[in-house]
Amino acid sequence: MTMMIMPMIIMMTSSSSTRCTSSISTRMIIGMITMIASSSTSWMIVDMLAKPDEHLYIRAYPHTSRACRVPQRPFPTAVIVTALEVETRAVLRQVGKHSVETVNGTGFFKGQFEGWDVAVVEAGPGNAGAAAIAVRALEHYKPHVAMFVGVAGGVKDVAIGDVVVATKVYGYESGKDTAKGFQTRPDVQNTAHALEQRARVIRQGNDWKSRLDPAIKHEDPAFFVAPIAAGEKVVASKKAATATLIKNHYGDAVAIEMEGSGFLKGIHISHPTQGVVIRGISDLLSGKANADKEGSQQRAADGASAAAFEILSGLDGGQDRAKAKPAFLRTPSTFSKGSYFTQGEVLAEVGVPDVDQVRFAFAGAPDGYMRIIPMQRREKPLTLSSLNANVNQSEMIRATGHGGLSMVNAYGAIYYDPAGAYPMGPAPLRWATQVFQNGELWSLTDTLITRERGWRPAHIPLPLIPVLTLEQGFYRALHKNVSFAVAHLGLTFPCEVELGLLGIRGAHLGVDQRDIRGPIQFDEAITQVELVSADASAIDAALLAFFGEVFDKTGYERPEDLNRFPPGPPRP
């Protein structure tokens with residue numbers, strides 16, 4: 001049964017022929033409001049309306065009704081479309097924390113950025129796909145702004161890593177193919193005026209570069225506002241027929257790509273959404289394969305993403321919303337949720353090259369990880385010298401052991417346990433804590449899941465996760481690393497803590513030799529917690545949530561007071 005809640009409407013009449021707003025006394029209004037407030041039902045004044053018929057109307061609703069809830073104007077929405085995974089990753093780094101929403105079979109990543117709701121979708125290569133996905137996104141989200149963010153090949157005037165905001169996109173495939181050759185019939189799609197103007201303003205300064213990922217080696221990227229061309233071909237040589245066509249017929253285009261024309265066509269039919277195409281230069285046509293191998297796509301995607309969010313940051317739509325500080329730019333994960341590096345990448349080295357140097361790398365994906373993630377972006381990156389000087393005061397996810405080695409690497413500074421002596425050459429990395437210039441901290445290990453029998457009796461099933469070792473390692477690392485991050489990384493609260501156990505499908509959870517649970521039917525156990533302070537009880541609550549999640553994957557609750565935790569560290 002639906003209950004209709006009716007408002008209380010009170011009419012007050014003036015005894016004078018003058019306007020009621022001036023003749024009804026303040027005392028009368030206050031008296032009437034007092035009467036409403038003192039009634040047996042809790043009421044909320046919604047509005048007072050003076051009309052020319054000498055009446056004053058006061059309308060009130062019961063405080064518990066939905067009518068009395070003053071709705072907050074929603075954030076404006078921005079849709080961002082990408083074609084490649086490297087582009088999506090760069091965009092999501094700017095968004096930060098996000099969720100996944102499926103719309104008619106299409107997956108969107110949903111997050112917020114400085115007063116904007118943001119929906120990100122990866123459409124795949126090609127103009128047709130970009131147009132179709134753009135239309136689906138626009139119909140569902142009805143955004144104020146839509147952006148295509150990705151990489152492109154440079155045609156002229158640009159260098160690898162530069163950013164181009166398109167003023168217009170030429171569809172160079174449009175034309176007539178005759179016996180005398182191809183005759184172009186230019187198909188031109190224009191960027192929205194407000195977005196183009198915002199880009200022209202940004203071009204005059206370097207503020208947008210503060211959004212670049214400090215972990216990526218950028219040189220000094222330039223910012224262009226210029227035409228680009230789009231078709232259905234990957235152009236891999238300056239001598240290709242398509243490159244010649246663009247040079248001869250679209251001489252002002254500085255870049256070439258494969259989605260922008262279709263994307264802007266989709267925007268065109270969805271007025272009043274404003275659209276723009278933003279590209280980072282990943283190659284100069286010739287030498288594309290070598291450029292890609294050197295990480296040029298990652299640089300280009302990061303530059304395009306930084307430019308896109310700088311444009312979004314200054315648009316009118318978000319300025320009068322929550323005065324949010326710039327969103328923290330999270331370090332993206334790579335081939336697993338517990339990895340920030342490429343598979344097999346050397347993270348630490350010790351010794352003299354070609355003499356006795358040992359190079360440390362994780363053999364595969366870590367099986368356990370911890371992330372401490374700030375929520376507030378730093379005005380300036382932490383210096384490498386400060387990270388290197390202090391990283392050895394952090395802790396690794398290990399139940400026992402002390403000390404380790406530290407050094408600067410491509411991501412910041414790393415503190416690691418070499419776990420023995422090795423001959424010159426590659427060596428396995430088992431425990432490490434990495435700190436980044438953005439203030440983030442990752443601790444990693446691949447020692448939490450026992451896969452080799454060793455001294456264990458035959459009746460103990462493998463793979464095995466010893467619970468006490470797991471809990472001692474995470475307890476020790478999280479307590480120590482939160483304090484470390486406050487003291488040396490400038491961590492403020494609230495912050496986010498992410499704790500994860502990966503590759504656990506088929507493993508058993510060993511409480512003790514008589515209590516072994518499993519096998520686990522899930523791939524991972526991950527907990528994300530907002531930590532409001534460095535207080536020990538807040539940290540223990542985060543750990544309990546994670547330990548409970550691990551047990552839940554076996555189908556059982558974690559026993560209360562297991563390992564006498566909490567309070568104090570887990571212990572036999």
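Buried means under 20% relative accessible area, exposed over 50%, and partly exposed in between, with a 1.4 Å probe and protein chains only.

**View 1. Overview of the predicted model.** By that cut-off, buried residues make up 49% of the 572 residues in the protein. The structure is a predicted model, in which local features need pLDDT of at least 70, side-chain atom pairs count only at pLDDT 80 or more, and totals for chains, interfaces and linings use all residues. Residues are numbered from 1 along each chain as its sequence is written, and side-chain values use heavy atoms, without hydrogens and water. The protein has 13 helices and 28 strands, taken as DSSP runs numbered from the N terminus (helices H or I, at least four residues; strands E, at least two). Of the contacts (heavy atoms within 4.5 Å) with a separation of 6 or more, 72% are between residues 24 or more positions apart. The accessible surface (Shrake-Rupley method, 1.4 Å probe) is about 27400 Å², and 53% of this belongs to carbon and sulfur atoms.

**View 2. The open sheet of 7 strands.** The order is β19-β20-β22-β23-β18-β25-β28, with antiparallel pairing; two strands pair if DSSP finds at least two bridges between them. β19 (405-409) and β28 (524-531) are the edge strands, each with a single partner, so one side of each has no neighbour in the sheet. Neighbouring strands are turned by 15° against each other on average, direction ignored. Axes here are lines fitted to C-alpha atoms, for helices over the stretch in contact, and angles between N-to-C directions run from 0 to 180 degrees. β18 (residues 368-374) and β25 (residues 495-502) are joined antiparallel by 7 bridges, and isoleucine 373 stands opposite glutamate 496 in β25. Helix α12 (residues 467-488) packs on this sheet and touches β18, β22 (431-436), β23 (441-445), β25 and β28; its direction makes about 20° with that of β18. Helix α13 (residues 536-552) also packs on the sheet, touching β25 and β28, at about 160° to the direction of β28.

**View 3. The open sheet of 3 strands.** Here the order is β16-β17-β21 and the pairing is mixed. β16 (348-350) and β21 (425-428) stand at the edges with a single partner strand each, so one side of each lacks a neighbour in the sheet. The twist averages 30° from one strand to the next. β16 runs antiparallel to β17 (residues 358-361), joined by 3 bridges, and alanine 348 stands opposite phenylalanine 360 in β17.
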